[in-house]
Amino acid sequence: MKFQAIELPGVKFTGPKILLLALASLFFIAIPLYLNYSSTSPLLPSPQSDITSSGLIGIEPKGENNTSTTTLKSIEPKGKVCDIFRGNWVPYPNGTYYTNTSCNLIIDQQNCMKFGRSDTEFLKWRWKPDDCELPFFDAVQFLEIVRGKSLAFVGDSVGRNQMHSLLCLLNSVAYPEDISHHYYSYTSYNFKRYLYKDYNFTVGTLWSPFLVKAKEADPKIYSNSKDLMNLYLDEADEAWATEVENFDYVIVSGGHWFFRPVIYYENGEIVGCSRCQHDNITDLTVFYGHKKAFRTFFRTLEELENYKGVTFLRTFSPAHFENLSWKEGGQCPRTRPYGKEEKKLDGFILEMKLNQVGVLREAEKKAIRKEKKKKKNKKRLELRVLDLTEAMLLRPDGHPNFYGYSPTRNMSIADCVHWCLPGPIDTWNEFLLYVLKTPQITHLHLHGKAIE
């Protein structure tokens, strides 16, 4: 069939040319409609309600104009980058990205619905930055950004908690293969590797709750939260230090383990302790060890010749024990977030966060000085921030409390440290995707503008 050339506007169309023009118009209308339809991430649930046995409701999130959330862009004030980490939680009744039945990658410790949590109010809130909109998580976009790369969560089990959130957010787009057995000769939740074959993307955990070398003070006693530990503050933990060069992205976090009784060592000698109750050892507080450990972490990264990854500092995630402390009967029964006016960032939580951010600034300044010296064959340490402390301080409702199972935990003790899945911890990975796309936001935090 021979097609006639399409004539320019203002020229008279007759006969077959009218038909051809009509077909062309349909073509150019249909293609954008198709692209708009297909741009909706397969991750997001169907627009129809999906009421599961857990009581969760999955509805495709919609924007203000009833548009698919995956097409939403961050609304930033002209001339500056929006600080997504300053805001408030607002009601959002439209459901979650996944449910505990649609994602089978949730471990029992965070599977709150499986173990009897009946209220779903804690799932109906969304983080709203003060000056912009936080884009919804787009699994396809995330996987394209990390195609051919690898991501490690370095730290304690709360970091692992974020990894499982990420696995579930990606679940409807791609299912990972557990390749942990290629790296480890034993089975452990603490050391895992998953591979997304279609994207050649690997994600895993490098469990290191103190980031530095640690040993039980009495090796004959199995360590628990009340046993004394020796921390070697100037020696990096080999669990991560020998592996980290293999990763393109590293998210480091830590804090809660430092509240146990510890003795601090530097240069092989005791320099003090925290909560050790030894009269002949100076109490240097939790914050001393916490800061020193993060300094050792960043110094070690700087000294590793082959580490060329992007490092994200995930700031301290608050616990929410009420009435009593952990292991003394404290629990977290709330079902709604705090408002900004109800809860202020202060005390030891603020101190833990400032420790981390302060050490990150030190590392950034050191990296800049080294870059000026133009050290050959060494890429400048690239640092970014996931500053979620303020947002999570307002979410006492998001913890498992008694609705989670762990074979190593006394089930009569509430878990007010980790986070339910699905739950507010999914916001951490919305932050992560935003920072991957918008590295400029890091400067708000490295230079102090966002925390003063």
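## A guided tour of the predicted chain

The protein chain has an accessible surface of about 22,000 Å², of which 53% belongs to carbon and sulfur atoms (Shrake-Rupley method, 1.4 Å probe; for residues, only the protein chains shown count as cover). This is a predicted model, in which local features need pLDDT of at least 70 and side-chain atom pairs count only at pLDDT 80 or more, while totals for chains, interfaces and linings use all residues. Residues are numbered from 1 along each chain as its sequence is written, and side-chain values use heavy atoms, with hydrogens and water left out.

Of the 452 residues, 52% count as buried (buried is under 20% relative accessible area, exposed over 50%, partly exposed in between; 1.4 Å probe, protein chains only).

Next, select Q162 in helix α3 (residues 157-170). Q162 counts as buried because its relative accessibility is 0%. Leaving aside residues up to four places away in sequence, Q162 touches F153, I251, R314, L386, I425, W428 and N429 (contact means heavy atoms within 4.5 Å).

Turn now to the salt bridges, of which the structure holds 22 (a side-chain nitrogen of Lys or Arg within 4 Å of a carboxyl oxygen of Asp or Glu). Select R193 and E243, whose closest N and O atoms are 3.0 Å apart. R193 lies in strand β7 (residues 193-196) and E243 in the loop between α4 (238-241) and β11 (249-252), so the pair ties together parts that are 50 residues apart in sequence. R193 is buried at 3% relative accessibility, whereas E243 is partly exposed at 22%.

Proceed to K353 and D387, which meet in a salt bridge (3.0 Å, N to O). K353 belongs to helix α6 and D387 to the loop between β15 (382-386) and α7 (389-393), so this pair ties together parts 34 residues apart in sequence. Both residues are buried.

Finally, follow helix α6 (residues 347-372) to K366, which is partly exposed at 32% relative accessibility. K365, K366, R369 and K373 gather in a surface patch of positive charge. K370, also in helix α6, is partly exposed, with a relative accessible area of 26%. Its C-alpha lies 9.5 Å from that of L381, 11 residues away in sequence.

Notes
Patches are made of residues with over 30% relative accessible area and no salt bridge: like charges are joined within 9 Å, nonpolar side chains (Val, Leu, Ile, Met, Phe, Trp, Tyr) within 5 Å. Lys and Arg count as positive and Asp and Glu as negative; His and the chain ends are not counted. The place of a charge is taken as NZ of Lys, CZ of Arg, CG of Asp or CD of Glu. Helices (H or I, at least four residues) and strands (E, at least two) are DSSP runs, numbered from the N terminus.
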